[in-house]
Amino acid sequence: MNNISFADLNLAPEILRALTESGYTVPTPIQAQAIPMVLEGCDLMAGAQTGTGKTAAFALPMLQKLLPLATPSPSPARHPVRALILVPTRELAIQVEVSVKAYAKHSHLRSLVVFGGVDIKTQTPHLRTGVEILVATPGRLLDHIEQKTVQLNQVQMLVLDEADRMLDMGFMPDLKRILALLPKQRQTLMFSATFSNEIKRLSEDFLVNPRLIEVARSNATSENITQKVYLIGSAEKHALLAQLLRGSDAKQTLVFTKTKLTASRLARQLHREGFAADAIHGDKSQLERIQALDAFKQGKTTVLIATDVAARGLDIDHLPMVINYEIPSAPEDYVHRIGRTGRAGASGSAISLVSPEEEKYLFEIEKLIKTTIQREAPLTSPAPAARPPRAESRPSPRTEPRTEHHVHIRAQHAPVSKTPVHDAWFNKPYEPSVSTRVVTPPRDLPSKPKSQLPALFMRRKVSTPDAED
Ligand code: AMP
């Protein structure tokens with residue numbers, strides 16, 4: 001499997017050319033497995049999370065199958081929606097469509113992304129020009145269906161990406177409504193990071209004799225991610241976080257909190273202490289979230305504080321460090337979070353600050369990933385000579401963090417690697433992933449209040465948009 005090249009996968013020259021230009025040399029395991037099956041026409045149930053190359057795993061064979069239908073004709077009638085990709089979040093929608101566009105750039109196949117939180121009228125003219133591949137969040141797609149701005153009767157391929165997340169976010173009723181409108185004769189591919197019973201049931205409902213693929217949930221256990229835990233009181237977390245950030249050579253760090261409130265407060269505090277920090281969560285407008293993400297990718301901010309909902313699906317390649325300021329109560333979220341680092345063979349560090357009240361969640365996480373995470377003793381000495389924040393645009397810290405003496409001293413330790421991180425991604429100019437035609441909310445949330453959903457879909461409370469609070 002490892003020796004397979006993209007050329008062996010029966011992909012057309014125009015697709016291969018786009019892959020070479022994207023810098024891809026060999027297929028990832030999920031691509032090597034999924035592409036032949038999708039080309040054969042099988043339905044697919046794939047266990048894979050962001051970072052495994054799953055987007056290309058469905059997008060490449062999709063393009064290959066649609067290529068014979070591609071036409072340079074300007075007539076919208078010649079460009080009906082033939083493939084529909086449903087995703088849970090706007091950020092993921094944008095990323096998926098950027099990838100599809102890149103892979104399709106040498107063909108006449110057109111793609112478009114539609115998501116909530118922006119004026120629907122800005123999307124309609126683009127839809128009317130005709131697109132073969134539509135990437136959408138469920139709520140906004142239903143809006144377009146209701147307004148008759150999209151026709152789905154030619155859809156021959158459906159992808160449900162991050163299906164587990166769509167369930168968690170309560171999108172099941174929307175999904176059912178959308179699926180009822182699609183032609184019965186179609187190919188359906190489902191991708192999910194976790195294989196819960198709900199997901200299995202969903203695959204039984206929506207897929208026909210699906211082939212099953214599960215790529216190792218490598219991010220949770222992969223050797224290139226160093227996982228560590230600090231057992232520490234809640235009141236001491238901030239000091240330790242500042243210390244870890246100063247003591248690390250990681251150029252960028254994604255910090256997770258459970259609530260929007262903590263994310264905002266932490267960002268403000270760190271900012272006051274001289275860190276180029278920003279927060280991204282569900283209360284921020286779409287434009288603010290995109291700007292925060294772009295600034296992070298460009299290195300203008302070096303610490304991005306995020307809630308699970310906001311960070312889901314973010315494609316920040318080669319992120320060197322993830323810190324869980326608060327660990328999630330749903331163990332799967334831990335897997336998603338630390339999967340932001342250590343991608344594509346790069347090394348990564350995932351540090352969790354765990355208060356006594358959170359230890360029960362830690363045990364759940366360890367049970368899920370079948371690993372006991374290394375416990376670290378809190379840092380003792382002040383971080384190495386308060387380095388200036390790494391973003392060029394920020395002033396030096398005005399004050400030293402009022403930190404280290406708050407940290408309970410237990411042992412001498414230097415837990416954070418001082419090895420400089422040389423990472424090609426950070427030298428690459430960042431190409432903004434979306435135009436700034438976006439405007440502010442309403443958020444693209446499930447169309448029905450959660451209280452009306454079956455208990456089944458409310459299992460992982462912490463993962464729901466509302467649970468950020
Ligand atoms: P995904 O899991 O689809 O979100 O992909 C994660 C990242 O891996 C994206 O930045 C892709 O561009 C990149 N990627 C996907 N497939 C390959 C490949 N075969 N070789 C190198 N990079 C890849």
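**Figure 1. The whole chain at a glance.** Of the chain's 469 residues, 49% count as buried, meaning that 20 or more other C-beta atoms lie within 10 Å of a residue's own; 12 or fewer makes a residue exposed, anything in between partly exposed, and the C-beta atoms are placed from the backbone. This is a predicted model, where local features need pLDDT of at least 70 and side-chain atom pairs count only at pLDDT 80 or more, while totals for chains, interfaces and linings use all residues. Residues are numbered from 1 along each chain as its sequence is written. The chain has 17 helices and 14 strands, taken as DSSP runs (H or I, at least four residues, for helices; E, at least two, for strands) and numbered from the N terminus. Among contacts in the chain with a separation of 6 or more, 81% join residues 24 or more positions apart; a contact here means C-beta atoms, placed from the backbone, within 7 Å.

**Figure 2. Two nonpolar cores.** A nonpolar core is a set of buried Ala, Val, Leu, Ile, Met, Phe, Trp, Tyr and Cys residues joined through C-beta atoms within 7 Å. In the largest one, with 68 residues, Leu-84 and Val-135 touch the most other members. Helix α3 (residues 54-66) supplies the largest share of this core, seven residues. Another core lies apart from it and has 47 residues, among them Val-255, Phe-256, Leu-293 and Leu-353. Back at Leu-84, and skipping neighbours within four places in sequence, the contacts are Leu-134, Ala-136, Leu-152, Val-155 and Leu-158.

**Figure 3. Helix α2 alongside helix α3.** Two packed helices are described by the angle between their axes and the distance between the axes. The axes of α2 (residues 29-40) and α3 come within 8 Å and cross at roughly 30 degrees; axes are lines fitted to C-alpha atoms, for helices over the stretch in contact, and angles run from 0 to 180 degrees between N-to-C directions. That is why α2 and α3 are roughly parallel to each other (angles under 35 degrees; over 145 is roughly antiparallel, 65 to 115 roughly perpendicular, and the rest oblique). From α2, residues including Ile-30, Ala-34 and Val-38 meet α3 residues including Ala-57, Leu-60 and Gln-64. By class, the contact of α2 with α3 has ten nonpolar, two polar and two charged residues; Ala, Val, Leu, Ile, Met, Phe, Trp, Tyr, Cys and Pro count as nonpolar, Asp, Glu, Lys and Arg as charged, and the others, Gly among them, as polar.

**Figure 4. Helix α6 against helix α8.** Here α6 (residues 138-146) and α8 (residues 172-180) pack at about 40 degrees, with their axes 9 Å apart. So α6 is oblique to α8. Pro-138, Gly-139, Leu-141 and Leu-142 of α6 make the contact with Asp-174, Leu-175, Arg-177 and Ile-178 of α8. Five of the residues in this contact are nonpolar, one is polar and two are charged.

**Figure 5. Tyr-103, a buried residue of α4.** Tyr-103 is found in helix α4 (residues 90-103). It counts as buried because it has 25 C-beta neighbours inside 10 Å. Tyr-103 and Arg-17 are 86 residues apart along the chain, yet their C-alpha atoms are separated by 8.6 Å. Leaving aside neighbours within four places in sequence, Tyr-103 is in contact with residues including Ile-15, Leu-19, Ala-56 and Leu-63.

Figure 6. Asn-10, in the segment before α1 (13-21), has a positive phi of about 60 degrees although it is not a glycine. Asn-10 is exposed, with 11 other C-beta atoms within 10 Å. Asn-209 sits in the loop between α9 (197-206) and β7 (211-214), and its phi is near 40 degrees. Asn-209 is exposed too, with 6 other C-beta atoms within 10 Å.

How values were computed: Contact = placed C-beta atoms within 7 Å.
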